[in-house]
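I opened this model to look up its aromatic ring pairs first. The fold, the surface and a few single residues come after that.

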Amino acid sequence: MQSDRFEWDDAKAAATLRERGLAFSYAATLFDDPARREVLDDRRAYGEVRIRVIGRACDGLLLSVVFTRRGERIRLISVRRAKRRERVFYEQTHKA
């Protein structure tokens with residue numbers, strides 16, 4: 001799927017919706033959170049720069065999204081609800 005700002009793999013998006021109940025289009029709304037936090041995802045050598053962003057979606061749910069930049073677009077790779085340590089990180093850095 002592509003838009004002016006975002007893109008993702010439709011099969012991956014369908015699996016994420018089925019398994020986690022989260023749509024990639026919904027997850028994209030966290031990029032509107034001015035308090036979102038981005039961290040380099042360097043757990044592996046992916047062959048591209050990947051970033052994990054923690055932020056609130058349009059209804060306030062705190063999410064963790066992995067993405068990369070492809071030209072002018074943001075390519076969403078994965079989305080899930082934020083884990084406890086990510087929630088703590090977001091809240092602590094948000095107050096700072």
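Entry 1, ring pairs. I counted three aromatic pairs, taking rings of Phe, Tyr and Trp (its six-membered ring) as paired if their centres lie within 6.5 Å, with planes under 30 degrees apart called stacked, over 60 edge-to-face and the rest tilted. Phe6 and Phe31 make a tilted pair, with 5.4 Å from centre to centre and 55° between the planes. This pair links distant parts of the chain, 25 residues apart: Phe6 sits in strand E1 (residues 6-7), and Phe31 in the loop between helix H2 (24-27) and strand E2 (37-40). I took helices (H or I, at least four residues) and strands (E, at least two) as DSSP runs numbered from the N terminus.

Buried stands for under 20% relative accessible area, exposed for over 50%, and partly exposed for what lies in between (1.4 Å probe, protein chains only). Phe6 counts as buried because its relative accessibility is 9%. Phe31 has 5% and therefore counts as buried.

Trp8 and Phe24 form an edge-to-face pair, at 5.9 Å centre to centre and 65° between the planes. Trp8 lies in the loop between E1 and helix H1 (10-20) and Phe24 in helix H2, so this pair ties together parts that are 16 residues apart in sequence. Both Trp8 and Phe24 are buried. I also noted a cluster in which ring pairs link Phe6, Phe31 and Phe67.

The model is predicted, and I kept to its limits: local features need pLDDT of at least 70, side-chain atom pairs count only at pLDDT 80 or more, and totals for chains, interfaces and linings use all residues. Residues are numbered from 1 along each chain as its sequence is written, and side-chain values use heavy atoms, with hydrogens and water left out.

Entry 3, fold and dimensions. I found three helices and five strands in the protein. From the N terminus on, the order of elements is β-α-α-β-β-β-β-α. The radius of gyration, taken over C-alpha atoms with a globule rule of 2.2 Å times the number of residues to the power 0.38, is 13 Å; this agrees with a compact globule of 96 residues, which would have a value near 12 Å. The C-alpha atoms fill a box of roughly 35 × 30 × 25 Å along the principal axes. Of the 96 residues, 40% count as buried. Among contacts (heavy atoms within 4.5 Å) between residues at least 6 apart in sequence, 47% join residues at least 24 apart.

I get 22 positive and 15 negative side chains, with the centres of the two sets 6 Å apart. Lys and Arg count as positive and Asp and Glu as negative, without His and the chain ends; the place of a charge is NZ of Lys, CZ of Arg, CG of Asp or CD of Glu.

Arg5 is in the segment before E1. Arg5 counts as partly exposed because its relative accessibility is 37%. Which residues touch Arg5, leaving aside its neighbours within four places in sequence? I listed Phe31, Asp32, Glu72, Arg73 and Ile74. Arg5 and Arg73 are 68 residues apart in sequence, yet 4.8 Å apart in space, C-alpha to C-alpha.

Glu19 is in helix H1. With 61% relative accessibility, Glu19 counts as exposed. Glu19 and Arg75 are 56 residues apart along the chain, and 20 Å separates their C-alpha atoms.
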